[in-house]
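Have the structure open beside you and take the points in order.

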Amino acid sequence: MSHDGVRLRAVMRSVAFLTAGALAVPTLAACSSDNESGKPLAGQDIAPVGRDLVADGGTLNWAVDDVPETLNTFQSDADDATTRVAQAVLPAMFRLDAQGRPQRDADYLESAKVVDTEPKQVVLYKLDQQAVWSDGREIGAADFAAQWRALSGKDSAYWTARNAGYDRIEKIERGANNLEVKVTFSRPYADWKALFSPLYPKDVMGTPDAFNDGARRKLKVTAGAFGVQKIDRKDKEIVLARNPHWWGRPAKLSEIVLHAVPLDKRAAALADGTVDLAGIDPADASRIALAGRAKGTSTPLQGASPTGRDENKNESRQKKKLGKKERKALAKYLRQQDELRAFTVRRSFEPAYTQLALNGSEGPLADERVRRAVAHALDRTALAKVVLTPLGLPAVPVGSHLALSGQAAYADNSGALGGQDTTEAQALLADAGWVPGGPLKDKGEKAAGAESKKSKKSDDEADSEGGSDGQYIVGEDNKDPQDHTKKHGHGDEGSKHLADGKQYDGRKVKQGGAPGAYAPKGTAAPAGAKTGPLAKDGKPLTLRFVLPSGIGSESLSAVADSISRMLEKVGIRTEITKVSDDSYFKDHIASGQYDLALYSWPASAFPATDARPIFAKPVPAADGSLNVEQNYTRVGTDQVDQLFDQAASTLDEDESAALVRKADARIWAAAGSIPLYQRPQLTAARRTVVNAGSFGFQTPVYEDMGFLKKGAHPSASPTKD
């Protein structure tokens, strides 16, 4: 699960303890019904057609953020481009469907099931008899065993980023024949379907040198619909070529070329024909919508015109007022707009959500009552609307930390904490000793938030990103924050989240977020505030709100602004600090130098395994430091840990999902993080590109991607040949 503006993968790799009363979760909050998982909030948007309508051949040019540093998905610097390559060229025993649920991949597996539970859990894999590596060798037990040994965590010579699940395997052996693989677990493991996806050949996993270095820049042996033909770091592209030895349905495309294109250069790359498919931000989505509208097509995003006027009618009038340089830039823009008519925007949700993180290790938020008060101050539906409504996506708050709507473990457990309630928030703050109008110490003394270690360097870093106003406090006097907004011309819609590589909430078009998103130091509360600033022991209740400042941070700033206004209404001031993307996670989130922050986590099909380190109770390390794993809020409980352990060891899938829901209800009660909204996924696609776009939960089916045959018309529902 990354903050918007920093890669999710970077987040995935890299104390206040609650009282018993905080865990008194109502019984109903942990219960579930058969239909509680619901449906995905938005279906995938990929222009699905039957394979008979897809042309044979052609090259699909697909934008990625960068050429990956490694092709080994189990290394710490693997990114989304690494995953994209692995999905196209390597076996996976299970892939995700449109609801984010694991399904057997029939191209590799005839069957896979638990055949014994006593005395040990045994899973028997029966492989497809045609499944072979590109060198002609059968895929078999030797490959499974090599991957287990590399990822088990028993040999420190392997530089692995994770070993969850593999550390529970006791042995792997050949079954009744070469097509059978028996995996015996030392202790029960519910998420066994997460293993061996992807599966690397023993050539990669067999030795530490091959694992650590051999698979970083090349994959000589593969077994997918495509193979790695070339990695060109100079031209920043990876060429995946159709695998002539592929035994499944033949790939429609001859090649897929992954081009490294920065997010803010993608509109130009689409217009000049460099790419056919690209994750984009809301600003570029608006451009494509305007181009389509000029051609006479209808689009939900067409209302996103910056002016709302007919651009064509005013074009000649505007040209007369422009200088030579401006006319040249306008001409270039209009040429690009003409080319962008060939594209459409495909929209869905990413399998990830953005949350408000509350650092519970120190300061006011170490008190669970203050964390709960923050949660009760928030209108999560209104926050979702800030990001999703302009994109035409349903503005539904996320109700779970551990799954998203449509997934088996999903249930809205937010009732364990409660919704927006100003009165309750104020009562909790008063109970914690924070009262309005309390005496304050000299202004030179620190506020009550987490101690700031912000240096001049971080200011400079933020300035270099072009979006830093330094630090400023929302809610210090009685001026109207809109005056400053108008004066400085802030105003930009929007939001985009992870398309992937560098996962951004939107490309920076200009400094600022939504109107009123930024206020200078000294700006007062909005009109209608119910209470004055709170204080305790001579210190004002001011929370340090840390945000990234780089390209794509506009929507996070808009959300942070709305959160600050909501908190100010209950007497909590926020000191907003913007820092560079490079510094954001390393120097602030991971090190605990923040009170409030916005970042995202991906939703996993295996939350009992993958989400545990995110919510695990921090424990003291041998050197006296606190081992937080990936729990950057520093809030956890033994009870939540136990529920995760039980869920991971229960082979009954329904029971495991119920335990995950119970764990989520208790995570809500702890108020260490507040899920806000599912991240939108916007993809620009050439109109002739089919079976590709915004995939949502589902693993892409690379062999079905391609270009629509000339004269063909997409059918309502795709068929398979």
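1. Let's begin with strand β13, residues 343–358. Of its 16 residues, 14 are buried, so the strand is largely enclosed by the rest of the structure. Keep in mind while you look that this is a predicted model.

2. What does β13 pair with? One partner is strand β24 (residues 673–686), which runs antiparallel to β13 and is joined to it by twelve bridges. To find the spot on screen, look for Y353, which sits opposite Q678 of β24. Strand β20 (residues 596–602) also pairs with β13 in the antiparallel sense, this time over seven bridges.

3. Now zoom out for a moment. The protein has 721 residues, and 57% of them count as buried. You'll find 20 helices and 26 strands in it. Its accessible surface comes to about 29200 Å², with 48% of that belonging to carbon and sulfur atoms.

4. Strand β19 (residues 573–579) is another one to look at: seven of its seven residues are buried, so the rest of the structure largely encloses it. R573, E575, T577 and V579 point one way from the strand, while T574, I576 and K578 point the other way, and all are buried. Strand β18 (residues 542–548) pairs with β19 in the parallel sense, over seven bridges. Check P548, whose bridge partner in β19 is V579.

5. There is also an open sheet of three strands, ordered β14-β16-β17, with antiparallel pairing. Its edge strands are β14 (435–436) and β17 (539–540), each of which pairs on one side only. Two bridges connect β14 with β16 (residues 534–536), and P436 stands opposite L534 in β16.

6. On to charges. Side chains of opposite charge can pair when their charged atoms come close. How many salt bridges does a search of the whole structure find? The count is 21. One of them is between D431 and R369, at 3.2 Å from N to O. D431 belongs to helix α12 (residues 422–431) and R369 to helix α10 (residues 368–377), so this pair ties together parts that are 62 residues apart in sequence. D431 is exposed, at 51% relative accessible area, whereas R369 is partly exposed at 28%.

7. Compare that with D561 and R565, whose closest N and O atoms are 3.2 Å apart in a salt bridge. These two are four residues apart in helix α15 (residues 554–568), which means about one helical turn separates them. D561 is buried at 6% relative accessibility, and R565 is partly exposed at 24%.

8. K617 and D638 form a salt bridge too, again given as 3.2 Å from N to O. It links distant parts of the chain, 21 residues apart: K617 is in the loop between α18 (612–615) and β21 (619–620), and D638 is in helix α19 (residues 638–648). Also have a look at R51, R249 and D704, which are linked in a network of salt bridges.

9. Last stop: the surface around helix α9. K328 is in helix α9 (residues 324–340) and counts as exposed, at 66% relative accessibility. L334 is in helix α9 as well, but counts as partly exposed at 26%. Its C-alpha atom is 9.2 Å from that of A291, a residue 43 positions away along the chain.

Key:
Residues numbered from 1 in each chain as written. Predicted model: local features only at pLDDT ≥ 70, side-chain atom pairs only at ≥ 80, totals over all residues. Heavy atoms only, no water. Buried < 20%, exposed > 50% of the residue type's maximum accessible area, 1.4 Å probe, protein only. Pairing = 2+ DSSP bridges. Areas by Shrake-Rupley, 256 points an atom, 1.4 Å probe, with all protein chains shown as cover. Salt bridge = Lys/Arg side-chain N within 4 Å of Asp/Glu carboxyl O.
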